[in-house]
Amino acid sequence: MDRKRGAAGDADMSDLRLKSRQSYLAKREAEQLALLRIQVAEEASEVERLGDRLSAQEKADFRRNAETLRLAEARNNIDEHFDGYTLPDAQSKSELLTRTDKDPKAYKTEYQQWEDDQMGKIKSQVKQPDRVQQDDYEYVFDETQAIKWVSDGKVDMEKQRLQQMLDESEMKAKTIEETRKSLPVYKYKDQLLEAIKAHQVLIVIGETGSGKTTQIPHYVLLDDEITKGLKVACTQPRRVAAISVAQRVAEEMGERVGKTCGYMVRFEEKTSPDTKILYCTDGLLLRILIQDPELSEYGLIMIDEAHERTLSTDILMGMLKEIILIRPDLKVIISSATITAQSFSQFLYNCPLFSIPGRSYPVEVMYSREPESNYLSAALTTIWQVHIATEIHPSSPSDILVFLTGEEEILAAQASLEETAKKLGNRVPPLEIRPLYSALPSEDQQRIFLPASVGTRKCILSTNLAETSLTIDGVTVVIDTGYEKQNSYDGKMGLSTLTVVPCSRASANQRAGRAGRNRPGRAYRLFTRFAFNNELPEQATPEIMRQNLLSTTLLLKSLGVHDLINFNFMDPPPTTSLIKSLELLYGLGCLDSTGALTRHGRKLSELPIDPLLGKAILAASDSGCSEEVVKIIAMLGETHALFLRPKDKRMEADNARRIFTSNEGGDFMSQLNVYSQAEESDFDVLWAKQNFLQSRSLNRARDVRDQLEKLLDRIEVEHSSCGISDHVAIRKALTAGLFPNAARLQRDGQSYRTLTGSLTVFIHPSSVLSQLAQKPKWVIYYELVASSKEYMRNVMPIEPEWLVELAPHYHKADAIAKLGVDKKMGKGPGKVGIDR
């Protein structure tokens, strides 16, 4: 190659490099400008959504980025005046040699094509308009997906809205004392007190919002002629109601909770020697009855929300019916809904009724036009329909209360709502989700009463805990799925079933009333009007007819009730259930051959736990391992929510759980491992998070353990410890209490057959033993639950000899020997009475 052509070639290459560099910088500039447009758009939405909550530095950075984008776009819009014909540079040979590069149809390298594709994607992101929101969230915005409603037509909402504005302006200026005087019960104060003085027992029909729960105990306390200086007790069916009502009454008195007015619920108490008004659960009042069978410290007992017919309420009613004959000075008030008041009156010697009208505001009831196949999905749809359609006024909250069936549904709904709200961003007003269920700690339950932030709507996801006794300020919308979880017990099989069933019409009306406590409201029922009138039962079945009566039978025995069959039950439970409970109490050593309570039985009646577990504690005390067994029992109530398993960290969570797993000791020893290591870390929240454990569950277990230790001191049970390594002693102590719950592996190597009832059962998937390839041949379990199958929950391997050693009266040596390792168990007696 000659020198001239070589020099020209070098010049051409240099020119090509320059043009390539310029082309790259131009593309780079376009790319960075596109990214800056996206960033500025996102920052503008943040300013609009957060406003004053942004820091000064953040606002300055946002302004600088916006100004940079403005200047860059202004620079691109400058006209370079190259329109028209431009004389080519005749001296540039490279211009002629490389003219084909300027042809857009010319050949492009693979790298250039890739660059063009990337630039095309970036430009399409910038130029593409925002997608219509209906396409992203059809169930929120698509009108075809919205639920159609039919109003009952009983309420003029516009008229009620104007009346509400007048009422709110008047309420703003009222003090606490004026608020008390504005309650409907205040107008009847004198008549009510005279009726209480004139009658030993009084049925008070107090409608929603009348003020009966907070005011009647206070009125009575101030009248020494009624109480004669004694205490006043008011029971509530639920602990959250007892706590919130006590806090309200203490606030009205201008005192802290626990002074004149206190509360007492299971494993939590705020009282003092000066306490005169006690709000407690009905189960706690039964415990007080054991210590003081005549309730000698109390001048008046008020049973609130008696129409719910809980197991403890029915027992209290029967006991009070006998106590008032012994103590003519004891006054009893039964608070009930209208529908059951007459039956209470007939039960309690035809006592008089006193009616107090409520101050509930009108509630418009909306029925679904068509039945909903998935009530949870329908509830979520309705929440967003109401939230988007209803404007938020700071002076007039319009919060939402949703009734679901249980903790699992509530947590699933909460996750769905929070995820959708996060995706929607500032397109809809903020929505605060606050759950309410029984396993939630008290401090978290109380969060439902806190007002929402300014410009935010509160949405409460609750079980039927919020159905009665609770007044949640700001709730004007109720969404009722029409279902609840109901526990039933088969005494013959020893099987508990927790099933979702339709709620009663009385419950549905109670739920709707929650929307009208402070202002006119609206209740959305996710079922048709026909279903309400024809498919929902009028009243729920009383708990005493469908629950395990073992603890109840022991309680009645400790209260001196010997003839259980003829006890004063409002609705007598099945005789077979009572007989089965008596037989098991005899097997536990709580009753002697005459049916009288033994010393062991007296001790177990003092413990607010299952008698089977109480028996295990007494056996553990004799074996020198009571502290370990108490820890295990404290953990049993938290197993359903103890382990966390996030979707994105399932493998790490499973590995963390294996650290605590004990195949030899099963679920019980695994739970002991968890508690012991949590105790070593001083129940540190960070440690719990690292091990994928629910910190709240661990704290609740610690509180239960502390309470049980105090109760054991009271009944003079010696504390002892054998250490976590002595598996045999701990497992034998548990077997001494749970011996009726024994099962043996069948030939298929997967299923078990219970020794009592001959029921085929399986180990629950949540058990540490469920993953074992070779299942243990003999196990004991804490409870049987029925879902898709009959499952054993909280399972532990045992040796068959232990059953004969620890419960020879219940398990015979020859019967256990017949069920050898490879022998098949019978299916129970056949039709002709011969074992199959």
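Visitor: What makes two strands count as paired here?
Guide: Two strands pair if DSSP finds at least two bridges between them; strands are DSSP runs of E of at least two residues, and helices are runs of H or I of at least four, numbered from the N terminus. The model is predicted, so local features need pLDDT of at least 70, side-chain atom pairs count only at pLDDT 80 or more, and totals for chains, interfaces and linings use all residues. Residues are numbered from 1 along each chain as its sequence is written, and side-chain values use heavy atoms, without hydrogens and water.

Visitor: How do you know that β2 and β9 pair?
Guide: Strand β2 (residues 201–206) and β9 share 4 bridges in the parallel sense, and the definition asks for at least two. I205 stands opposite S355 in β9.

Visitor: What makes β5 and β9 edge strands?
Guide: The open sheet has 8 strands in the order β5-β4-β6-β3-β7-β8-β2-β9, with mixed pairing. β5 (268–270) and β9 (353–356) each have a single partner strand, so one side of each lacks a neighbour in the sheet.

Visitor: What lies across β6, and at what angle?
Guide: Helix α14 (residues 282–291) lies across β3, β4, β6 and β7, at about 110° to β6. Angles run from 0 to 180 degrees between N-to-C directions, with axes fitted to C-alpha atoms, for helices over the stretch in contact; contact means heavy atoms within 4.5 Å.

Visitor: Why is T553 called buried?
Guide: T553 has 0% relative accessibility, so T553 counts as buried; the cut-off is under 20% relative accessible area (1.4 Å probe, protein chains only), with exposed over 50% and partly exposed in between. T553 is in helix α22 (residues 550–558).
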